[in-house]
Amino acid sequence: MSDVNAGELPEPAFVLPTIPASAGALVRGRKGRLLILKPTYKGGWTIPGGIVEIGESPWDACRRETKEECGLDITTGRLVCVDFLRPRPGRPGGMRFLFDCGVYDDTVLDTVVIQPVEITESRILPIDTALPLLSGPVRRRVRAAWKTKRVRYLEDGRPVPGISP
């Protein structure tokens, strides 16, 4: 006889894996410039973006985080990179989505208002100046996606043999 009452589903005998995800925004200025942010909670610089919340799409997370961190209302974008990060001790790994959110005039970029709890400073720098300031994984994603019209797939921030760029 079964321990399950009629109309009840049995508890699964396995646990579904969870994969943390985050989404970032390439916010470009004219003349090949990139908006970067200095976070309060870690060293170095990054791009607007953050964790995908439960039930939220990566695109919605990208838009929400960009609005929260620097006050920009992003309405258009294009997926340019997906990066799988393997778990390591002390780091859960996960999926990182990167969206190219377009080129903005200085009049729009001058309206950036940072959220001081998370962000101490913003800069709009030429890409060659911005890249060395970004953390390694973010830098590799931005570099891979900067001039491409295709979606790039990376693992741990690096191209994967057999996957065409």
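Start by selecting arginine 28: it is buried, at a relative accessible area of 11%. Buried means under 20% relative accessible area, exposed over 50% and partly exposed in between, with a 1.4 Å probe and protein chains only.

A word on the model: it is predicted, local features need pLDDT of at least 70, side-chain atom pairs count only at pLDDT 80 or more, and totals for chains, interfaces and linings use all residues. Residues are numbered from 1 along each chain as its sequence is written, and side-chain values use heavy atoms, without hydrogens and water.

The term means a side-chain nitrogen of Lys or Arg within 4 Å of a carboxyl oxygen of Asp or Glu. Arginine 28 sits in strand S1 and aspartate 100 in strand S5 (residues 94-104), 72 residues apart. Strands (E, at least two residues) and helices (H or I, at least four) are DSSP runs, numbered from the N terminus. Aspartate 100 is buried, at 10%.

Next, select arginine 30 and aspartate 105. Their side chains form a salt bridge (2.7 Å, N to O). Arginine 30 is in the loop between S1 and S2, and aspartate 105 in the loop between S5 and helix H2 (106-109), so the pair ties together parts 75 residues apart in sequence.

Move to lysine 31. It lies in the loop between strand S1 (21-29) and strand S2 (33-39). Is lysine 31 buried or exposed? Lysine 31 counts as exposed, because its relative accessibility is 82%.
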